[in-house]
Amino acid sequence: MTQRVDLGTLLDRLAIDELITGYAAAVDDGDWPGYRALFAAEGRADYRAAGGIEGGAEEVARWLGETLEFFPVRQHLITNRMLTLQDLGGYPGDRAELRADYLNPMCCGTGGGVAPPAPDFEAGGRYAFSLVRTEEGWRLRSVTVFEKWRRLSGALAGHSGG
């Protein structure tokens with residue numbers, strides 16, 4: 001492999017890492033135009049394993065906006081990223097697959113600004129991202145959520161806070 005190919009692979013990895021981090025930030029910040037911009041034109045998301053919907057990025061962004069409105073505090077962590085870039089005989093291709101674990105604590109309130117609130121809802125699992133290189137750069141072809149666990153606390157579990 002030549003140095004030029006190694007540099008191209010490194011740049012692809014960095015761009016994909018930025019895209020996946022952008023995905024988490026868009027969901028946490030409720031940036032639904034930003035969320036849609038992460039997807040290729042035909043991009044789809046599948047949240048059915050977490051009790052959600054499957055559909056095109058536009059439809060799923062609307063659903064997320066409505067659903068996550070209940071949780072004004074979100075912190076979406078995506079870790080343990082395993083990236084596989086398409087290999088065209090030693091040269092990088094235009095497709096990639098990424099598997100990553102997630103931890104997603106969410107809160108119904110802000111805690112009144114005194115202290116961070118305890119999560120009312122936490123979930124963990126794994127994402128499967130399928131990516132494609134476009135003229136605009138790397139974009140999501142698909143996102144599939146595989147929720148492994150969830151925990152409810154506080155008001156959501158029927159407990160009064162205090």
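The model is predicted, so local features need pLDDT of at least 70 and side-chain atom pairs pLDDT 80 or more, while totals for chains, interfaces and linings use all residues. Residues are numbered from 1 along each chain as its sequence is written, and side-chain values use heavy atoms, leaving out hydrogens and water.

Within this pairing, Arg-44 has Ser-142 of β7 as its bridge partner. Strand β1 is also joined to β2 (residues 54-56), antiparallel, by 3 bridges, with Asp-46 opposite Glu-54.

Turning to β7, this strand holds Glu-147. Glu-147 is partly exposed because its relative accessible area is 21%, the class between buried (under 20%) and exposed (over 50%), with a 1.4 Å probe and protein chains only. Beyond neighbours within four places in sequence, Glu-147 is in contact (heavy atoms within 4.5 Å) with Ala-49, Ala-50, Tyr-102, Ala-123, Gly-124 and Gly-125. Of these, Ala-123 is 24 residues away in sequence, yet the two C-alpha atoms are 7.1 Å apart.

Strand β7 also meets the largest pocket: α1 (3-29), α3 (57-67), β5 (92-107), β6 (121-134) and β7 each supply at least two residues of the lining.

Key: Pairing = 2+ DSSP bridges. Helix = DSSP H or I, 4+ residues; strand = E, 2+ residues; numbered from the N terminus.
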